[in-house]
Amino acid sequence: MPEDTSATSQVALAWRQYRLERRLFWRNPSAAFFNLGVPLLFFALFGAIFAGDQDALNILVPGIAGMSIVSTTFTALAHNMVALREQGVLKRIRGTPLPGGTYLAGLALHAITNTVVQIAIVLVIGRLVFDVDGLRDPTALVVFVVVGVVCFASLGVAFSHLIPSSDAAPAYVNAVFLPLIFVSGVFYDPAKAPGFLVDIAEILPLVHLVEGLRGAMVTGAGVADEAGSLAVLAVWTAFGVVFAVRGFSWEARRA
Amino acid sequence: MTRDRAIEVRDLHKAYGPVEAVRGISFGVDRGEVYGLLGPNGAGKTTTVEILEGYRERTGGTVSVLGFDPEERPRALRERVGIVLQQTGIYRHIAVREALVHFAAMYPRPRDPDELIALVGLEGKEDARAKTLSGGQLRRLDLALALVGDPELVFLDEPTTGFDPAARRTAWETVRSLRALGKTVLLTTHYLEEAQALADRVAIVKGGRIVVEGAPRDLGVGASTRVRVTYRNALGEQVEHITDDPTRLLHELTAEAIERGEALDDLAVNRPTLEEVYLELTADA
Ligand SMILES: Nc1ncnc2c1ncn2[C@@H]1O[C@H](COP(=O)(O)OP(=O)(O)O)[C@@H](O)[C@H]1O
Ligand SMILES: [Mg+2]
């Protein structure tokens, strides 16, 4: 019998892996909550605080969209990769005929589904509750969501290599995630922050993602207007991809 | 390679930085054979097996598994090989049957998941989540997952460590059933009994080298030229001598006894058992 390595069979296998990841995701409600619930919780809290202040809400809605991308890709993948490595799942998969790329495609698709669901929720709430159009430039929205996903997913995988164990993962991830969202203008206009914080934030990718999303969702600035932000994200993506691939290990670290 | 062997290993070397885990191991496994690597912890068994499975890169020597170099990780090889790793690893929230169905889809000619559940004795646990299984049950799921692609060659790295005696017997029956189906099995263990019960041939590994190899029944005698001579002296005490030269020793002992007008009660000359050979060979000198 000839070996069936056709593209269709690879797509079918990636799809199977994707469906398994979806099922397992919902069986672990605490992880599901941290992935999807935390940004929405912040959205509700800050939305209540800023109610009636349209300028603040115009900052908040794209900010939460950016935060959602980070939590569904960077945070989720950093946790997942550490757990899969530690539980020996990656090593087991590596012993099967399933190609590594097909497996990772299923895994990535799973993370992207969470991102898309989350962005959709933010758009709907933003429009209905906070009076933010959200779709001023749909092309720019798609471009920035895609770039944001690739950027933060690769950074999440790269970061997972630095995390020694599942026990340590929440501390490592939060040490990056919380300061990142606070300096990156997710909740307030970054221009109002002290200068040195602005300088730090400018080096990091999230401020640029939120900037791009704000253009797409609020001001109507298109991709061309946000080329600078896109360039910074591209540099971080390149960095993330290189280190995600380089440090990759199928095995748990030896104690 | 000369013969159509399932596994051929020549002068295999593996160093982890300064640690030389494998220092020139050579052996071959025929198709349909159950071959055992027996040795204490740290002997280099897992390192050897994981090189053959394509998980680790060797530092020297040649290796052929079903005619492939496992280091190149060809998919055609992975489709024909089943692996039980030393450490179990599976999604915590996956159910038993779900796992088998999922992994079965990765192979061209999978076995029936329900048949495998029965084979490894996990009936009634089909819908149980992995995190609720006991260590022994997880190990059986491991075995079922290794067999799900109906492999020609099965690697079992310490498949029964931590099993109670009943579970061990069941696992042994499964390995024997693989042998009956004509599968090739490479097994590691630190239980001598297990190697004796299952393997057609055994290599005793220590310090990254094979110290002796052969059929289990031959190892006890063939591996050692040493012979044990025991008797009860005039005071009724049990005396034991180990010697490489039993003829001379017996001559001396009997001559002295006759001179003293005594008998050597219960005089016996024994070859050491495999267990004694194993303990002697693997003892830390
Ligand atoms: N990944 C590794 N990195 C460094 N040293 C290792 C690694 N794996 C095994 N070793 C060392 O190699 C030697 C052989 O180990 P191993 O192959 O696991 O033996 P066994 O399976 O016979 O117990 C041991 O000294 C062990 O500490
Ligand atoms: Mg071992």
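Twelve residues surround ligand 1 in this predicted model, and the closest are B:Gly42, B:Gly44, B:Lys45, B:Thr46 and B:Thr47. A residue makes it into this shell if one of its heavy atoms lies within 4 Å of the ligand. The site is shared between chains, because residues from chains A and B surround ligand 1. Helix α1 (residues 45–52) of chain B gives the most to the shell, with three residues. Helices here are DSSP runs (H or I, at least four residues), numbered from the N terminus.

By residue type, the shell divides into four nonpolar, five polar and three charged. In this scheme Ala, Val, Leu, Ile, Met, Phe, Trp, Tyr, Cys and Pro count as nonpolar, Asp, Glu, Lys and Arg as charged, and the others, Gly among them, as polar.

| Residue | Atom on the protein side | Distance to an oxygen atom of ligand 1 |
|---|---|---|
| B:Gly42 | polar backbone atom | 2.6 Å |
| B:Lys45 | backbone N or O atom | 2.8 Å |
| B:Thr47 | N or O atom in the side chain | 2.5 Å |

Taken alone, ligand 1 exposes 560 Å², and the protein buries 74% of that. These accessible areas come from the Shrake-Rupley method with a 1.4 Å probe.

Now for the interface. The contact takes 29 residues from chain A and 31 residues from chain B, where contact means heavy atoms within 4.5 Å. About 2,800 Å² is buried between chain A and chain B, and carbon and sulfur atoms give 54% of it. In chain A, A:Arg27, A:Arg92 and A:Pro97 lose the most area to chain B, together 27% of what that side buries. Buried area is the accessible area (1.4 Å probe) that two parts lose on being put together, summed over both.

Chain B itself is divided into domain 1 (5–221) and domain 2 (222–282), with bounds from an automatic or database domain assignment. Taken over C-alpha atoms, the centres of these two domains of chain B are 40 Å apart.

Elsewhere in chain B, B:Leu138 is found in helix α5 (residues 135–147). Leaving out residues up to four places away in sequence, B:Leu138 touches B:Thr88, B:Ile90, B:Ala130 and B:Leu133.

A few reading notes: residues are numbered from 1 along each chain as its sequence is written, and chains are lettered from A and ligands numbered from 1 in the order in which they are written. Local features need pLDDT of at least 70, side-chain atom pairs count only at pLDDT 80 or more, and totals for chains, interfaces and linings use all residues, while side-chain values use heavy atoms, with hydrogens and water left out.

Notes:
A polar contact is a pair of N or O atoms within 3.5 Å; within protein, one must be able to donate a hydrogen and the other to accept it, and residues adjacent in sequence count only if both atoms are side-chain atoms. Helices (H or I, at least four residues) and strands (E, at least two) are DSSP runs, numbered from the N terminus.
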